[in-house]
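Student: Could we go through this model together? I would like to begin with its charged pairs.

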Amino acid sequence: MARYLIEGGTRLSGEVRVHGAKNSVLPILAATLLTKESILHNCPKLTDVDAACNILTYLGCGVTREAETVGILPQSQDCCEIPDSLMREMRSSVVFLGAIIARCGEARISLPGGCELGPRPIDLHLMALEKLGVEIVETHGNLECRVNGRLKGATILLPFPSVGATENAMLAACTAEGRTVIHNPAREPEIEDLANFLNRAGADIVIGEKGSIYINGVEQLGSVEYDIIPDRIEAATYLCCAAITGGEVLLTQVVPAHMEAIFPMLEEAGCVVKVGEDTVYLKLNGRPSPIKLVRTMPYPGFPTDAQSPLMALSCVASGTSVYVENIFESRYKHASELARMGAKISLEGRVAVVEGVARLHGAPVVCTDLRGGAALVTAALAAEGQSEIGHISHVERGYQDLEQTLSALGAKIVKA
């Protein structure tokens, strides 16, 4: 089983081109089911992307990849189910549900797999689809969905701005009969990216000033060529990696507006942050300062996916930082692994109190999930001695060529 070996203590410095957003490309890959043909540029090479492409192939699509461009040619519409083995490869596989129903009028899937971050019920997904006319029966961990005739537009009020439920509703509604309005949807940049992709293919979707999404159903979508937005979480991770080593980094091909909730936290930690049109520069001299309070919230609040690598930075701060996780119940699994490296973290429910230490030490640790793995890598870059990080398959779900990128910045890291 592959692992990272990291010799800590080297100051990182250099330039990083940010890859396409994992959280954008996965729902967009699902959306390609509804098009005649799709060509996606800036598509990152990730195991989650491979899993999504495997699902598309199983569903009867031709899938090709050349470098960071992926082509999808939907062909047969005979298959409307995803087997359990493919569903378990990634948690976000459930986003295919809305697209399959819109394409075939029925769908059969098992409940999804992926990182274990605590309960992430898909009740909101199902509620939204039922509003559009989908009949759903759940038996023994499987979902059987069917619609009589064409999906019908509806008004959907989400009690929580769930990203996945918003995406599934958008995918199902874009070819439904009539008008759909989604109130209190997720407002992440990845939602806007999905809407832009669908509109480029011929959909009629408008995101209102107050966030509500208005969808006028069309008969069918056409062909589309599209560039995936940059990954704001990958960007945040590399900023934390540079900061924890007292280094500096210039990120290119990034959208700074998508990261406005992250910059104040880094500045409170003592970082100098300079934002350009499509660049972000960061430098930190010496030890980071503590961050008084980091509270994860739906966008435009601080993203839960950036909490873990930022916590690693706080582990070596000159004081105490407090984190409150409001999205996932089990997002602190990496804390016990950081403790193996000498971190002092106290947990009480959704609250983590991080007492900064003068230095971390290398240790054998194990990735518990994607972003937790990123936190371990971040911490290991500053730790004295060598760290061995196992179960890096979690990290490879969301970071393309992580070891190569960090090596180019001067890190002593190898994949073994």
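Tutor: A salt bridge is counted here when a side-chain nitrogen of Lys or Arg lies within 4 Å of a carboxyl oxygen of Asp or Glu. Arg 359 and Glu 384 form such a pair, with their closest N and O atoms 3.1 Å apart. Please keep in mind that this is a predicted model.

Student: Which parts does the pair of Arg 359 and Glu 384 tie together?

Tutor: Arg 359 is in the loop between β21 and β22, and Glu 384 is in the loop between α12 and β23, so the bridge ties together parts 25 residues apart in sequence. Arg 359 is exposed, at a relative accessible area of 51%, whereas Glu 384 is partly exposed, at 47%.

Student: How many salt bridges are there in the whole structure?

Tutor: The search finds 18. One of them joins Glu 388 to Arg 3, with the closest N and O atoms 3.4 Å apart. Glu 388 belongs to strand β23 and Arg 3 to the segment before β1, so this pair links parts that are 385 residues apart in sequence. Glu 388 is partly exposed, with a relative accessible area of 35%, and Arg 3 is partly exposed as well, with 28%.

Student: And what separates Glu 337 and Arg 340?

Tutor: About one helical turn, because they are 3 residues apart in helix α11. Glu 337 is buried, with a relative accessible area of 11%.

Student: Which residues are linked in a network of salt bridges?

Tutor: Glu 81, Glu 106, Arg 108 and Arg 146 are.

Student: Changing topic: what lines the second largest pocket?

Tutor: Its lining consists of 19 residues, and Leu 34, Ala 102, Arg 103, Thr 175 and Glu 219 lie nearest its centre. By type, the lining has 8 nonpolar, 7 polar and 4 charged residues. Helix α4 supplies the largest share, 3 residues. The space in this pocket is about 340 Å³.

Student: Is Ser 314 buried or exposed?

Tutor: Ser 314 is buried, with a relative accessible area of 1%. This residue lies in helix α10. Beyond four places in sequence, Ser 314 contacts Ile 291, Ser 321, Tyr 323, Val 354 and Gly 356.

Student: Where does pLDDT stay under 50?

Tutor: Over residues 113–120, for which the model has 28 contacts beyond four places in sequence. Where pLDDT is low, the predicted coordinates should not be read in detail. For the chain, the mean pLDDT is 95, and 98% of residues reach 70 or more.

Terms used: Residues are numbered from 1 along each chain as its sequence is written. This is a predicted model: local features need pLDDT of at least 70, side-chain atom pairs count only at pLDDT 80 or more; totals for chains, interfaces and linings use all residues. Side-chain values use heavy atoms; hydrogens and water are left out. On a 1 Å grid over the protein atoms alone, a cavity is a set of points where a 1.4 Å probe fits but cannot get out, and a pocket is an open set with protein on both sides within 12 Å along at least five of seven lines; lining residues have an atom within 4 Å of a point. Grid points are joined across faces, edges and corners, and a volume is the space filled by probe spheres set on the points. Helices (H or I, at least four residues) and strands (E, at least two) are DSSP runs, numbered from the N terminus. Ala, Val, Leu, Ile, Met, Phe, Trp, Tyr, Cys and Pro count as nonpolar, Asp, Glu, Lys and Arg as charged, and the others, Gly among them, as polar. Buried means under 20% relative accessible area, exposed over 50%, partly exposed in between (1.4 Å probe, protein chains only). Contact means heavy atoms within 4.5 Å. pLDDT is the predictor's confidence in each residue, from 0 to 100.
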